Every structure is written in C-alpha cells, then in structure tokens.
Amino acid sequence: MFTIDRVEKSYRKGGLFSKDRLQVLSDISFDWKPGECLGIIGESGCGKSTLGRLLLGIEKPDAGSILWEGKRIADRRTRLGNISAVFQDYTSSINPFYTVEQALLEPLKLQSRNRREHHDKIGRLLVQVGLDPSFREKFPHELSGGEAQRVCIARAVSTEPRCLLLDEAISSLDGSVQIQILDLLKELKTMYNMGYIFITHDIQAAAYLCDRVLIMRSGQIEEIVRTEHLKEVQSPYARKLLQMIIA
Ligand SMILES: Nc1ncnc2c1ncn2[C@@H]1O[C@H](COP(=O)(O)OP(=O)(O)OP(=O)(O)O)[C@@H](O)[C@H]1O
C-alpha cells in the first residue's frame, strides 16, 4: 500500500545558479491500495510524470512523504519486487543491442541465478504477453510498437511486482493496438494479482482500466473519483476537462 502525504516538488528554473524555482507539485496526498487500478489524468504539464517519478523513488520530494507499507519508497530495498514501471518510449526502454531474451533476463538475474528457471520463465512471460517463443531471438528494431511494448510489459511483470506504474504506456500506439494492450493489462492484473498506477491524458483509456481516477490541475489534486462516478465529478475544472477530452 502506498501512502502519499503532503508531497511538494519544485525544480530550479533557468540556469544552474538560478535561485528561482518552478513549483511542480503542491500538497499531494492520497492512498493506493493493493490490487487497485488508479488512473492519474490531467492536462499536459500538470505534473503527472513528476508524480510518477516520485512514486518510483527515482526522484525525492522536497517535502512530505511517500511510503510503501510504512517504508520510504526512496529506499531501493523497499522498491525491489514491489513496484516496476512501463514508459511511453518503448524504443529507448530496451537496449538496442539486446535480444528480447537478454532484455527479459536482466531483471530476472537480480532475483536468482538459476539459468534453467530463467529460460522457462522467459518462455512463459512471452506467452502471457501474447508473443510467440520465436521472439526470444529478435532485436528491438525487428519489433512493431505494440510488440516492443509487450516486451516492456513482460519485463516489468517478470519480478511479479505488486504495483505496476504505467506512464503514458499506450500513448504512442495505434488505436487498435492500444485496446489490445489495455486488454492484456486487464488479464495480467488478475494473473499476477497486482495493481496499477496508470498515468495518462486519455480519459477513455483510464475509464476502461481503472477503479478510481485522480484528476490533477497545475500540480495539485483537483478531485479523486471512482470511475463509475466519473460523470458526476464535483469540481467545475474537472467537469470542463472531462467534457473537453470526451468531446
Ligand atoms: N527535471 C526537471 N527539471 C525542470 N523542470 C521539470 C523537470 N521535470 C519536469 N519539469 C517541469 O515540470 C512541469 C510538469 O512536468 P511533467 O512532465 O510532470 O508534466 P505532465 O503532466 O506529465 O505533462 P505531459 O502530459 O505533457 O507529459 C513542466 O512544466 C515541466 O517542464
């Protein structure tokens, strides 16, 4: 379980010696429960990816806390095996000199040294993400966008994390491939008994996959709403944003 409490984040504005700072996140507090699929939506630049990086422990908040079962997520030991991520840019997410097998082997080697087990597990992972075993030998440049993102998803779930953070993970894919990946995510969620934090600007995708949606505005939480009540959002901004996106 994630507990995010009064998180603040700013970046230096201008040059290295500038004292001006851009406040990107202010007073962010919410919980994420095991197995939940939480969508994070908002206009471009509102701070969604920054929040994602803080949740992954890649960056630290200036103030406030991000705890995973009471422990700081910034601590590598807390993250290990609990949270992993899939990003939008699948092309740069995989080392171009690695085969699919080598890419999938990387996280597995951190967990155990049993080569036989790794070989079998990679076979199972490929089947689970809908790829033929012959994909083992392929290089990233031989994959379509959808296939490459399936490999990224296979790699992210290989350590059986309890939470998978997806940052615009389907945004670069064609419409029909997006639906296939969303359906795959639904299947994997049950298979691995995991939950998602799904960062997107696509409200329809969020509504398809998520249980709750957190709406951000200029670095703050505007509203958190259960997906079935999306049409009844309270804040005028959230209502306008939803109308704009759906229109
Ligand atoms: N490392 C950084 N240094 C300085 N400013 C940054 C940094 N990362 C993000 N920002 C700024 O923080 C703001 C929020 O960026 P962020 O990428 O989190 O927004 P976003 O909601 O994910 O946007 P998008 O949907 O366009 O990806 C932007 O103004 C961005 O320029």
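**Reading domains and a buried loop residue**

The end C-alpha atoms of residues 2-243 lie 30 Å apart, and this span is 36% helix and 27% strand. Helices (H or I, at least four residues) and strands (E, at least two) are DSSP runs, numbered from the N terminus.

Visitor: What kind of model is this, and how are residues numbered?

Guide: It is a predicted model: local features need pLDDT of at least 70, side-chain atom pairs count only at pLDDT 80 or more, and totals for chains, interfaces and linings use all residues. Residues are numbered from 1 along each chain as its sequence is written.

Visitor: Into which domains is the protein chain divided?

Guide: Domain bounds come from an automatic or database domain assignment. Here, domain 1 takes 30-60 + 73-82 + 163-247, and domain 2 takes 94-160. Their centres, taken over C-alpha atoms, are 25 Å apart.

Visitor: How many residues does each domain bring to the contact?

Guide: Two residues are in contact if their C-beta atoms, placed from the backbone, lie within 7 Å. Domain 1 gives 12 residues and domain 2 gives 11. On the side of domain 1, helix H7 (residues 175-192) supplies the largest share, seven residues.

Visitor: Is Ser 158 buried or exposed?

Guide: Count C-beta atoms, placed from the backbone, within 10 Å of the residue's own: 20 or more others means buried, 12 or fewer exposed, in between partly exposed. Ser 158 is buried, because 23 other C-beta atoms lie within 10 Å. Ser 158 sits in the loop between helix H6 (145-157) and strand S7 (163-167).

Visitor: Which residues does Ser 158 contact, leaving aside its neighbours within four places in sequence?

Guide: Leu 104, Pro 107, Leu 108, Lys 121 and Leu 125.
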